Amino acid sequence: MAERNTTKVAEFILLGFSVHREIEITLFVIIFAVYTLTLLGNVGMISLIQLDSQLHTPMYFFLSNLAVVDLCYSSTIAPFLDTLLTKHRSISFYACATQLGFFLNFLISEMFLLAVMAYDRYVAVCNPLLYMVVMSQKVCTWLVLVPYLYSFSVALLHTIVTFQLIYCGPNIINHFYCDDVPLMALACSDTSFKEILIFIFAGFNMISSLATVLISYLYIVAAILRIQSTEGRRKAFSTCASHLTAVTIFYGTLIFMYLQPKSKHSLDTDKMASMFYTIVIPMLNPMIYSLRNQEVKNALKKAMGKCYVLPLTHLKKGIS
């Protein structure tokens, strides 16, 4: 017993999806394809916003930051899923801590960036004449910087507390990445302080960010209903449609995952929900903002036109 209490775990084994080998290979192929689309979509969105001067507005400043977070968020998890192809699915103690820290950092950042973008849409619809004054460059910078600093601090705190726990027994994590709850289940020491931290910060993060989104959209809906013309209402709603879609998917997934009745709760359901918001949502966001946004469509057409025209120009100069 004394040996068990003094021997610490040096690495963890990721159990993965606990399905047949053929299904795991299929999952890996799907995840690889989704991650490739995530890279192309988010890098493309960031590049498009940087290159097109018409997209240098507060809305697209926040959108480019969301794309960066989505890219980093997905890259924290997806590249490690090559373990689905191997029998040895170990991850070192410090690599696990690093993955958890980055995962929590980008998850919290995404929550508050979506809340900031909801506030941005509220100002745009409810105070259009003062929009550029209220959402100045300085204000926008602070609205992004504060969530980044907060998410980094909270993620660091959670990671330190989690890996200060003693792991001396089983080292098999029943998940496909290092997450708080499966790690706590392996701890040999008291986890009550960690559980209190999760309750406080998860509750605050979810309630404050979601409340900001809901209150912003209540004011937006009220403002849209006061618009007399149908065309005016359509135009006002179209400025929010992409963000509303992204918010619904993201928070819908989190609510489904964390507010299930205990009788219907299962680790397999958690894994599928986790895969959706860590792998699929970062792929969907650039599609949502490009397919439902005319300004992004126009910028994309312009960029594609330049890519097509420039080679032809050089070719003609070479011929002449």
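**Burial and surface**

I started with burial: 44% of the 320 residues in the protein are buried. This is a predicted model, so I keep in mind that side-chain atom pairs count only at pLDDT 80 or more. Next I looked up the accessible surface, which comes to about 17300 Å². Carbon and sulfur atoms hold 71% of that surface.

**Fold**

I went through the secondary structure and found 11 helices and three strands. I wrote down the order from the N terminus: α-β-α-α-β-α-α-α-β-α-α-α-α-α. Then I checked how far along the chain the contacts reach. Of the contacts between residues at least 6 apart in sequence, 79% join residues at least 24 apart.

**Phe12**

I wanted to know what Phe12 touches beyond its neighbours within four places in sequence. The contacts include Arg89, Ser90, Ile91, Phe93 and Cys96. Also on the list are Phe163, Tyr167, Asn171, Ile173, Leu183 and Leu186. I then found Phe12 in an aromatic cluster with Phe93, Tyr94, Phe163 and Tyr167.

**Helix H4**

Back to H4, to see how its span compares with expectation. H4 has 34 residues and runs 50 Å from first C-alpha to last, close to the 50 Å expected at 1.5 Å a residue. Is H4 mostly covered or mostly open? Mostly covered: 27 of the 34 residues are buried.

**Aromatic pairs**

I counted ring pairs with centres within 6.5 Å, and the count comes to 17 aromatic pairs. One of them is Phe112 with Tyr150, edge-to-face, at 5.4 Å centre to centre and 80° between the planes. Phe112 sits in helix H4 and Tyr150 in helix H6 (residues 137-164), so this pair ties together parts 38 residues apart in sequence. Phe112 has 14% relative accessibility, so Phe112 counts as buried. Tyr150 is at 22%, so Tyr150 counts as partly exposed; the cut-off for buried is under 20%.

I also noted Phe250 and Tyr251: their ring centres are 5.4 Å apart and the planes are at 90°, so this pair is edge-to-face. Here both Phe250 and Tyr251 are buried.

Note on methods
Residues are numbered from 1 along each chain as its sequence is written. This is a predicted model: local features need pLDDT of at least 70, side-chain atom pairs count only at pLDDT 80 or more; totals for chains, interfaces and linings use all residues. Side-chain values use heavy atoms; hydrogens and water are left out. Helices (H or I, at least four residues) and strands (E, at least two) are DSSP runs, numbered from the N terminus. Buried means under 20% relative accessible area, exposed over 50%, partly exposed in between (1.4 Å probe, protein chains only). Contact means heavy atoms within 4.5 Å. Accessible areas come from the Shrake-Rupley method with a 1.4 Å probe; for residues, only the protein chains shown count as cover. The expected span of a helix is 1.5 Å times one less than its number of residues. Rings of Phe, Tyr and Trp (its six-membered ring) pair if their centres lie within 6.5 Å; planes under 30 degrees apart count as stacked, over 60 as edge-to-face and the rest as tilted.
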